[in-house]
Amino acid sequence: MNGNLTFTIIKPNAVEKNHSGEIINRIENAGFEIKALKKVKLTRCVAEKFYAVHKDKPFFDSLVSFMSSGPVIVAVLQKDNAVESFRAFIGSTDPAKAAAGTIRKDFGESIEKNAVHGSDSDENAIIEGNFFFSACERV
């Protein structure tokens with residue numbers, strides 16, 4: 001069964017370049033309802049905990065440094081088949097391979113600085129949303 005929630009992060013490069021408003025506008029225009037939203041500055045410790053699943057990968061330190069380099073916007077989104085729909089909407093992890101008109105194609109700079117994070121499964125969407133928001137904040 002496909003869930004109706006997903007989680008996203010508008011990454012530091014997109015926030016720094018003032019693309020967050022346009023990205024949020026596109027998300028809403030694509031039919032996603034924002035259930036929770038906030039702007040935060042991740043500490044290195046928080047970024048390490050969030051990305052702990054990647055701790056043994058060679059890109060972990062670079063990813064943590066990047067994600068803690070400036071403010072990000074985190075959000076829980078709702079739509080039927082949310083995870084799959086959002087991943088198609090944002091495009092390939094590599095902006096160079098992303099389809100025209102997707103968020104990553106339009107705002108991404110590299111695989112790491114690809115403008116947005118999107119949950120890769122219904123289970124991870126819940127885990128990631130809960131990492132930043134309590135259930136009361138998403139009502």
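**View 1. Elements covering the buried residues of helix α5 in the predicted model.** The cover over the buried residues of α5 includes the strands β1, β3 and β4 (116-118). It also includes the helices α2, α6 (103-107) and α7 (122-132).

**View 2. The buried face of helix α5.** Helix α5 spans residues 82-90, and its buried residues are A82, V83, F86, F89 and I90. Viewed down the axis of α5, these buried residues fall within an arc of 130°, so they line one face of the helix.

**View 3. The face of α5 turned away from its buried side.** This face carries E84 and A88, both of them exposed.

**View 4. The residue that follows helix α5.** G91 comes after α5 and has a positive phi, near 95°.

**View 5. The largest cavity and its lining.** A search of the whole structure gives two cavities of 30 Å³ or more. The largest cavity holds about 40 Å³ of space. Its lining is formed by T8, I10, I24, I27, I34, L37, I73, A75 and L77. Two or more lining residues come from each of β1 (5-10), α2 (20-29), β2 (33-41) and β3 (71-78).

**View 6. Make-up of the lining of the largest cavity.** Strand β3 gives the largest share of this lining, three residues. Eight of the lining residues are nonpolar and one is polar, while none is charged. Strand β3 is also among the elements that cover the buried residues of α5.

Terms used: Residues numbered from 1 in each chain as written. Predicted model: local features only at pLDDT ≥ 70, side-chain atom pairs only at ≥ 80, totals over all residues. Heavy atoms only, no water. 1 Å grid on protein atoms, 1.4 Å probe; cavity = no way out; pocket = protein on both sides within 12 Å on 5 of 7 lines; lining within 4 Å. Points joined across faces, edges and corners; volume = space filled by probe spheres on them. Helix = DSSP H or I, 4+ residues; strand = E, 2+ residues; numbered from the N terminus. Nonpolar A, V, L, I, M, F, W, Y, C, P; charged D, E, K, R; others polar. Buried < 20%, exposed > 50% of the residue type's maximum accessible area, 1.4 Å probe, protein only. Arc of directions from axis to C-beta. Contact = heavy atoms within 4.5 Å.
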